[in-house]
Each structure stands twice: as C-alpha cells, then as structure tokens.
Amino acid sequence: MDKTGKKWKLSSFESFAWRNAKLLWIILTVFLLMLPFVFRNPYFLTVVAKIGCYIILGLGLNLLTGYTGLVSLGHAGFVAIGAYTASLLSVKAGCPFFPSMLAGMLAAALIGALMGLPTLRVTGTYLSIITLGFGEIVKMVLMNWQSVTNGTLGVKNIPKPQIFGWKLTTANHGMYFLILFMIVLISLFCRSLMRSKTGRALRAIREDEMASTMMGIPVTAYKILAFVLSAVICALGGALYASLIGYIDPNTFNFDVSTLILSIVILGGMGTLRGIYVGAIVLIAFPELSRSLMKYRFVLYGAILVLMMRFRPSGILGWRSSLPYRLSGNVKKKLRKEADA
Amino acid sequence: MDREDLLLEVEEITKRFGGIVAVENVSFRVKRGEVVSIIGPNGAGKTTVFNMLTGVYKTDHGRILFEGKEIQRREPGEIVKRGISRTFQNIRLFPDMRVIENVLVGAHIKTGYSFLSSIFRSRAFREEEDAITLRALKILKEVGLYERRDDYASNLPYGDQRKLEIARAIATGAKLILLDEPAAGMNPQESSELMEFIRLLKGRGYTVLMIEHDMSVVMKISDRIYVIDHGKPIAEGLPEEIARNQRVINVYLGGSQNAVEN
Amino acid sequence: MLLQQIFNGLALGMGYALIAVGYSLVFGILRLVNFSHGSVYAFGAEIAMVFIVSMRLGIIPGILLSMLFTGILGILIDKAALEPLRKKGSPPIASLITTIGISNIVTNLLIIFLGSEKRNFPNFFGHSGIHLLGGTVSMTQIMMCVISVILMLILVFIVFRTKIGLAMRASQQNAKAARMMGIDVNFVIRFTFFLAGVSAALAGVLIAGYYEIVYPNMGFMAGLKAFSAAVLGGIGSLPGAILGGLIIGNAESMAVMFLGSTYRDSVAFIILILVLILRPNGLFGRKGITKV
C-alpha cells in the first residue's frame, strides 16, 4: 500500500507539472535568468557555477550509464582529457577558449571510441573495471608526461572564455550564462536523442542486449556511440570547469570525481534529465552548507550509493511516467481522422 | 512443392557443443503463408535450431536457405534485415519501456533517418518518425494491444507480453516469424486463445514457424509438423499423420522421461 | 639486479595474492566483484597499526586482533549492504555500485578518524638479509613469503578439506541446489567474507610492514592490482589468484627496473585491461556458452 501511495504522489506531481507546463517554464526561466542578479554573493555564485559544471558531467555520464546501462567508473578521465586539452591549448598555444574546448571534445571523442572497443568482448562489471583502469591511466599519463602537462605541478592561470573580446568571468556573470547555455543545449541534445531511434536503441540495449541484437540493432556500434557522446559531453564540462576554477592538476580528476559523477546520476535517477539536475544540486551544494558536512562528504557520497541501491535504485526522481506516450501532432491528427472514418 | 512459394529451406543442419551433438541432420521447409511447427520433448534441440536460424549459433554442417539464399554464415543483425524475426521462450521484452516503444524498437531496421537529422529534428526525421509510429500503432491494433500502448511492458499480463513480443517481431518487417514455445507457462485456456491468435496472424498473411514441446497445442493450427528427438528428425507430415505416427507416440509416451510432464 | 627485482616481485606478489584470494573467494560464490575489498585491506593495516603502536598490544596479538576485526568488517559489509540486495533480487550492477559506496565509506571514515597522511609502520623482521646468487633477500621478504604460503595452505585446507569448505564449493556450483540440500547459503557467504577479510588484513600488515608505511588510501591501488591478479589467474580460482599475484608483483618490479618507478602502477592496469579484453576468463577460468 505504501508503495502505491508513493507512486500516486509522484505521478500527481508529474501530471500537475504537465498541466501547468507553460507557467512552470516561465517561472523557471525567469528564476534562472535573474539568479545571478538577485544573489550577489560571489561564493554562492561560484558554487552555482560548479553545480552547473557537474550537471554537464552528470548529463554526460547519464547517456552511458542511465540510458545505455554501462556503468563507468573512470569518467573523470574524459573530464580530464577535455580540461587538459582545452587548458593547455589556451595557456601554452594562446588558442582562444572555444576552439580549445572543441579540440578537447574531439580528443575525448577519439579516446571515447577507443574505450568503447572493449565492449566488443567485455560486459557488466568487467567493463566497469576497465573504465576505472582507464581513468587511472589518464591520471598517470598526466602526471608523467611532464613536458606537455607540467606533471604534478598542473596548469595554472587558465584564461576565461571570451566572446567578441568580452571576457566571461564569475564577477560579470558571463561564466554563469555560458554554463547555463551549455546545460540547455546539452539537455535539448539528450532529449532529441532519446526521442529518436538512437535513443530507443540505447535503452533497448540497457534492457536486453540479446533481444536488441535480434531486432537488428548493431549493439557494439551503439555502445561505442554512447561512449563517444558521453565522453564529448564530459570533456565539454571539463573544459568549462578548468576555465571556471583557473587551475587544474592530475589530482583534480581522481577516482573520487568519477564516483561523485556516478553518485549524481544514481541519486537523481538514471536515465532522466530532471534527476541529474537535482542530483548535482544536492550533492554539490549540500557539503557547502557547513564545514563538518564538507569533511564527511565522501562518506556521504558512499552512503548515497549504498542506500539508493538498497531502497530506491531508480533514484529520487526516477519513476515510470504516468503520462501517455507523446505522439506528434501529425500522428494524433491521422488517428482522429481514422477514428472518424 | 512449388519453389516460388518456398520461404525457408533447411538442409541437414548439425550443431555440436564440444562432444555433444545438439542437433543432427535436421531438415525442414516452410512455404509462404504457412504455419509450420517443430515439436519434440524438452531438450530435443528445438531452441538450438532457432538459434541457428537466427544466427546466434553458426551451423557446423548443412545449409539454411531463406528466399533461396544461404544465411547460415550470417550475423543475427543481417538475418533480421533479410526478414526472419523471433520471440523467446522466456519472454525477452524491454521491460522498462512502453508497449509502443517496444514495437518502435522492433521497427529499428525499418527506420532510415540519420543521427544528425534526429538531433536537429529535420523534416525527414519527423515524417519518418510519424510513419513508423502509425505503423506501430497499426500493428498494436492487429495484435489487440492498442489500448495498452502507453503501459510499460513489464506491467502487461503474461499473455499480453507474448503478444507484444510477436508485435515487436512483426515490426521488423519479418517475412517469417519464429515463435519459441509461445504457449510455455500458459494454462490450457490461455494457450488455446494464443493458438487462435496465431491462426489470425496466418489469416493476415504472416508466415509462422513455431517450436513447441506440447504437441496437442499445435495440432489444430499447423499446416505441417516436424518432430525431432535428441537432436534427430524422427517424423514429418500433416498433423493427423503425426498424431498416428508410432515413433512419435513412442517418444511422447514411452521412450522419453519428459512425457511425464505432459 | 634483475634477480633482486625478482625477489622483490615474489614477496610483493605473495602479498597481492593474499588480497586477490579475497576477490576470488567472493566472486566464486556471488559472481560479484567486491569493490570494497581494497578498503578492507587498508582497514586491516590501519587497525593493526592502532593495536600495535597506539595500544601497545604487541605484534602477534595486534596482528591477530586486526585479522579478527577485519574479518568481522567483511561480515558486516555483507550483512548490512549486500544480503538485502540478494533478498530483493537486485541486478548485479546494484551490488557493484553498493560495494563502491562501501569502499568510499570505509576509506573516508579511516581518513576522518586516523588522518589521511602516511604514517610509519613498524618493520617486524628487521633489516638483515641473506645474500643469495648476487642479490639480497631481506628477512622481511622471506617472512612475507612464508607467512603468505602458510595462510594460503590454511585457506586451501578450509576450502577443500572441511565441511564448511564443502558447503562453499557447493554454493559456488549452484547456490539454489545447495540451499535445497540444507546449506545455509547466507552463512556460507558471510564466512567467505570473513575469510576474505582475514587474508586482506594479513596482506595489509605484511605489505605495510614491507614498505614501512600505512595510509587510508593504500587500498585503492593495492586493491586494483590484486583484482588484476585475480582476473589474470582466472577469478574464482585459488591457485589462479596466487599465480596472478606473483605475475603482477613481478611485472611491477620489472617495470620499476626498466621503466622507472613512476610507471610501477600502470603495469597492473595494462595487464588487467589486456586480460579482460583478450582472455576474460583468465589463465585458469572456464568458458561458457551463450544461452538464449
């Protein structure tokens, strides 16, 4: 009974949101646009920007883990590739931010495709362990390839992005709006993807690989695609993060970051967008509330993984929609015509 | 038999696992528009036959001709594209996807638009997506699941899950539908309803090859029946011939332990 | 010089083998990669440090207590986090994520209570050594091998010669059938976690003593290397874990010799990835048939 009661509550929220969609969108848009002007505390705004970066990382991992069902324990590696490529190009070669960021995404795409190859032979836990090994290898390369990466010294004074000579900083809210814009862009991308045959194929692979093969879905190719897209999004997040913080070193992207991204996806709800936003807000903002929480935060992240798996593996905001499947206007029209005829 | 009508010809296929011969020299034919059944006790090698037909296993020996072309060396994905689709003995739907989405996944190979056009929601994308959605809805109507299109697959009752699996197989554009023990786990009434449903599919022009261990289930609707036991063919013919065949009766009543279950 | 590295590799490899056994035992019975095992190993070394250095209980009692407590930690992990998932019939990936969470909890609690810095761990066996074929084998290395071999023999005895070992092997083959034969499978699993914890604690003490250093994060790398060893040998197989440990240990000391110490950790990963891709069943593992 308790379970059905809970379900009813969540779904009633969902249909409420659906009925008032326009109003809620307006409120949300106004809130997000006004946020930096209302709360002017720079510390607060830095935390918000950090949350934004982690939302991007969460969206990236969600593509792979939430939709395709492949658990990656080394996504910090892709974040690092994006962050390092972009930062080194800007710092050492004086390349502007956006081309550097694209280069980082391209590098991550190549490595992501390479990382997707083991899916030919390896599944489940073993694949997760390979991704973990990958994350560690990236870290080791960053530490040891000193002529390029500066080794453990890291990269300092990473410049902020510029648009037509206007420098985007935390103080002038440029970073805030850039990150917000990227989140919107990536969210739209994920939504379009999931409402196409590609998205359906990815979810089918998560649900049952053998059955997907029997539907003629080239499973390995789609898994590699998921790795590539996921890596590209995380690299973008990494480039933004590096520019936001201004300093990176190999330990910025350790295993804790990988588990943090995973915790975000799992807490909010794998395979949803709303869950990622909430997961990132909770996990990044919560420890900032007090020093003692900061001290315990990794214990907290661990506890979240354990508790969620036991009590709500679908995440706080992960539920089966009670709304009807969305048919396009055209299809509805045709159906009505048929019904009349 | 008129060659034009032949959809599937299986010639003496054999499969070994290590030293064990799972299927030996099994041959059969399916014509367009027929319902053909392969029966045999549990462990007779029926599912192995299906796995060879769909490319999950490669045959060690023998040929499989679909529309006159050899397919025994092909990968599963290619075989589906040529027009063979299957269901599974222990239902394998995509449980956390909606009924209609399950059918849309079935239509995957019939969906042509590119990755980029789906991201930018181009006209080509929208038109094709509309078309396959309408087709999926039509198939759901055919199998009687139209009203449940928004449900999640795992919420369907058992019988409906079987039907959804068949709908998904139809959506691939299959010319031949393979049903792996469709009546497994059903009570007599459910299974006779399912057989009516398969008869309906036949009426709509679908070709069905099914395997079943309970021969009474398939008697009424099969055009022809092949019997295998311990991986070897033991009889073939019309349902009434099979029912009178002494070897078949022996397998089902005397020789095999599995007969006790039936 | 080469010989010296082989000695080093053998001693270290025996330590990895002890950790690897824990992965193998648990995997054999649950088909689960117990990701928290590295943190359990670190826990063993850390509380041995507490017993021996802070509480001055003496070396032998300290080690024994550490083994006991670490074994109990293993049982607790299973009881609190994994058994409920088994009861619910959760997918395997849920158990994996749970053990990652536990690893985080254990490691970070150690950091909070004991500090994250590296501390000196006592060397029990002194620095004397024996000259052999131009290399030097230290007393520590000899004792590492001897103690590891003794524990391995005890484990082999338990698994192959006792009633509980029989129950373990039965549960590995077919947990359902074992349950029907009256075996308390959950007890067997808890016992397996206990054994894994005990050997991890001993490995922790030996390796910490070898490097004369202990810190909460020591389990991450060592755990991964031991996991590589278990996979290399064929996860689920006891002799495989030992062979895998020795290979990884030697590969590591060879890497130090030929590539420099910055590459010591990468070798294990490269071996792991290659094994998983090329021969996922390891040297001693068996291959399965795809079922549809």
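Select chains C and A together: their contact takes 31 residues from chain C and 31 residues from chain A, two residues being in contact if their C-beta atoms, placed from the backbone, lie within 7 Å. The model is predicted: local features need pLDDT of at least 70, side-chain atom pairs count only at pLDDT 80 or more, and totals for chains, interfaces and linings use all residues. Residues are numbered from 1 along each chain as its sequence is written, while chains are lettered from A and ligands numbered from 1 in the order in which they are written.

Remain on chain C and highlight helices H3 (59–88), H4 (92–114), H9 (218–233) and H11 (264–278), each of which supplies at least two residues of the side that touches chain A. Helices (H or I, at least four residues) and strands (E, at least two) are DSSP runs, numbered from the N terminus. H4(C) provides the largest share of this side, 14 residues. Coloured by class, the side of chain C that touches chain A shows 23 nonpolar, 7 polar and 1 charged residues; Ala, Val, Leu, Ile, Met, Phe, Trp, Tyr, Cys and Pro count as nonpolar, Asp, Glu, Lys and Arg as charged, and the others, Gly among them, as polar.

Next, select chain B with chain A. Here 33 residues of chain B and 28 residues of chain A take part in the contact. On chain B, the elements giving two or more residues to the side that touches chain A are H2, H3 (99–106), H4 (115–119) and H5 (123–143). That side of chain B comprises 13 nonpolar, 8 polar and 12 charged residues.

Of its 262 residues, 46% count as buried, that is, 20 or more other C-beta atoms lie within 10 Å of the residue's own, with C-beta atoms placed from the backbone.

Colour chain B by domain: domain 1 covers 1–83 + 177–262 and domain 2 covers 90–174, with bounds from an automatic or database domain assignment. The domain centres, taken over C-alpha atoms, are separated by 26 Å. Their contact takes 11 residues from domain 1 of chain B and 12 residues from domain 2 of chain B. Finally, select H2 (76–82) and H7 (188–203) of chain B, each supplying at least two residues of the side of domain 1 that touches domain 2. H7(B) gives the most to this side, with 3 residues.

Terms used
Buried ≥ 20, exposed ≤ 12 C-beta atoms within 10 Å, placed from the backbone.
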